[in-house]
Every structure is written in C-alpha cells, then in structure tokens.
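Here is a short note for a colleague who is opening this model for the first time. Please keep the sequence and the 3D view side by side while reading.

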Amino acid sequence: MLAMMTDPIADMLTRIRNAIMARHDYTDVPASRLKLDIARVLKREGFIKGYEVRGDGAKKSLRIYLAYTEKGEPLISGLQRVSKPGLRIYVRRKEIPRVYGGLGVAILSTPQGVMTGQEAWRRNLGGEVLCYIW
C-alpha cells in the first residue's frame with residue numbers, strides 16, 4: 001500500500017534538493033497542477049533548465065531538468081518550504097518577504113495563480129507563501 005503524502009510540495013522540494021546534492025541532471029516528481037505551476041516559475045526565474053510532464057492518465061510525473069553553472073555548481077543553492085499543511089502562511093502585499101536580500105525568490109500562490117513574490121507585489125496581490133528558493 002502506498003503511504004499517503006501529507007505535503008507534496010515539501011516532497012517535491014526535497015527531491016530537487018537531493019537530486020542537486022547527487023549532481024543529477026533531472027529528477028522526477030509525481031505531477032500535479034500546483035507542482036507544474038511551481039516548475040514554471042522556477043524555469044522562468046532561471047533556477048532550472050526545464051521540465052516536462054511524462055506518462056498518461058492518473059500516473060503522470062513531472063521531470064525537472066536541473067541547471068548547473070559551467071563549473072558544475074547548482075543554480076539552486078537552497079529551497080525552503082514555508083507554508084505547511086499544519087501551518088499555512090499567508091501574506092498581504094506589504095508583507096511579502098525578500099529572500100536573501102533579493103537574491104532569492106519567494107513563490108506565492110495567489111488568486112491569480114502561482115508567481116514570485118515580486119510579481120505578486122507588482123500586481124498588488126497577497127497570497128500563500130509556498131516556498132523560498134535561492
């Protein structure tokens with residue numbers, strides 16, 4: 001029997017973190033709309049090379065292609081889950097956090113979709129702080 005996952009986003013971030021530490025080119029995570037949106041933001045912000053949805057039906061997976069510098073250093077140096085199922089963290093526009101003095105990115109789930117904290121700020125939106133990436 002498969003174990004029920006309580007926090008699929010934390011699982012996704014952990015898989016990315018582990019793949020980076022093992023210097024893998026990609027990692028697979030079970031696909032969901034929210035994870036796809038997060039991958040889209042990571043790609044747009046230049047933290048990953050790309051992503052693709054694999055498989056069909058209910059067993060889709062999301063393959064995330066990791067990005068490294070010429071020297072082989074990962075472009076993602078840290079990932080942190082902020083809002084958890086047991087403790088959701090919501091912010092207003094004025095409360096959107098800066099990650100590593102602007103070097104990192106806060107990923108928010110807003111009424112207009114998943115976006116970076118900066119985008120949400122520009123669009124005058126608040127939302128749930130999903131994670132920080134730097």
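1. Is glycine 78 buried or exposed? Glycine 78 counts as buried, because its relative accessibility is 9% (buried is under 20% relative accessible area, exposed over 50%, partly exposed in between, with a 1.4 Å probe and protein chains only). Glycine 78 lies in the loop between β3 (61-66) and β4 (79-81). Helices (H or I, at least four residues) and strands (E, at least two) are DSSP runs, numbered from the N terminus.

2. The model is predicted: local features need pLDDT of at least 70, side-chain atom pairs count only at pLDDT 80 or more, and totals for chains, interfaces and linings use all residues. Residues are numbered from 1 along each chain as its sequence is written, and side-chain values use heavy atoms, with hydrogens and water left out.

3. Now helix α2. It covers residues 33-44, twelve residues in all. From first C-alpha to last, α2 reaches 17 Å, close to the expected 16 Å (1.5 Å times one less than the number of residues). Its buried residues are Lys35, Asp37, Ile38, Ala39, Val41 and Leu42. Leucine 36 also belongs to α2. Leucine 36 counts as partly exposed, because its relative accessibility is 22%. Leucine 36 and serine 61 are 25 residues apart in sequence, and their C-alpha atoms are 9.9 Å apart in space. Just after α2, glycine 46 takes a positive phi of about 80°.

4. Arginine 23 has a positive phi of about 60° and is not a glycine. Arginine 23 sits in the loop between α1 (8-21) and β1 (26-30). With a relative accessible area of 43%, arginine 23 is partly exposed. Tyrosine 100 has a positive phi too, near 50°. Tyrosine 100 lies in the loop between β5 and β6. At 53% relative accessibility, tyrosine 100 counts as exposed.

5. Next, the aromatic rings. How many aromatic pairs are there? The count is two (rings of Phe, Tyr and Trp, the last by its six-membered ring, pair if their centres lie within 6.5 Å; planes under 30 degrees apart count as stacked, over 60 as edge-to-face and the rest as tilted). Tyrosine 100 and tryptophan 134 form a stacked pair, because their ring centres are 4.9 Å apart and their planes are at 25°. This pair links distant parts of the chain, 34 residues apart: tyrosine 100 is in the loop between β5 (90-91) and β6, and tryptophan 134 in the segment after β8 (127-133).

6. Tyrosine 132 is found in strand β8. Tyrosine 132 is buried, at a relative accessible area of 19%. Its C-alpha is 9.4 Å from that of tyrosine 100, 32 residues away along the chain. From the C-alpha of glycine 102, 30 residues away along the chain, tyrosine 132 is separated by 11 Å.

7. The charged end of arginine 93 sits over the ring of tryptophan 121, 4.0 Å from its centre (the rule asks for NZ of Lys or CZ of Arg within 6 Å of the ring centre and within 35 degrees of the ring normal).

8. Last, the largest pocket. Its volume is about 320 Å³. The lining has 16 residues, and Pro97, Arg98, Gly104, Gly117 and Gln118 lie nearest the centre. β6 (105-110) and α3 (117-122) each supply at least two lining residues. The largest share, three residues, comes from α3.

Notes:
On a 1 Å grid over the protein atoms alone, a cavity is a set of points where a 1.4 Å probe fits but cannot get out, and a pocket is an open set with protein on both sides within 12 Å along at least five of seven lines; lining residues have an atom within 4 Å of a point. Grid points are joined across faces, edges and corners, and a volume is the space filled by probe spheres set on the points.
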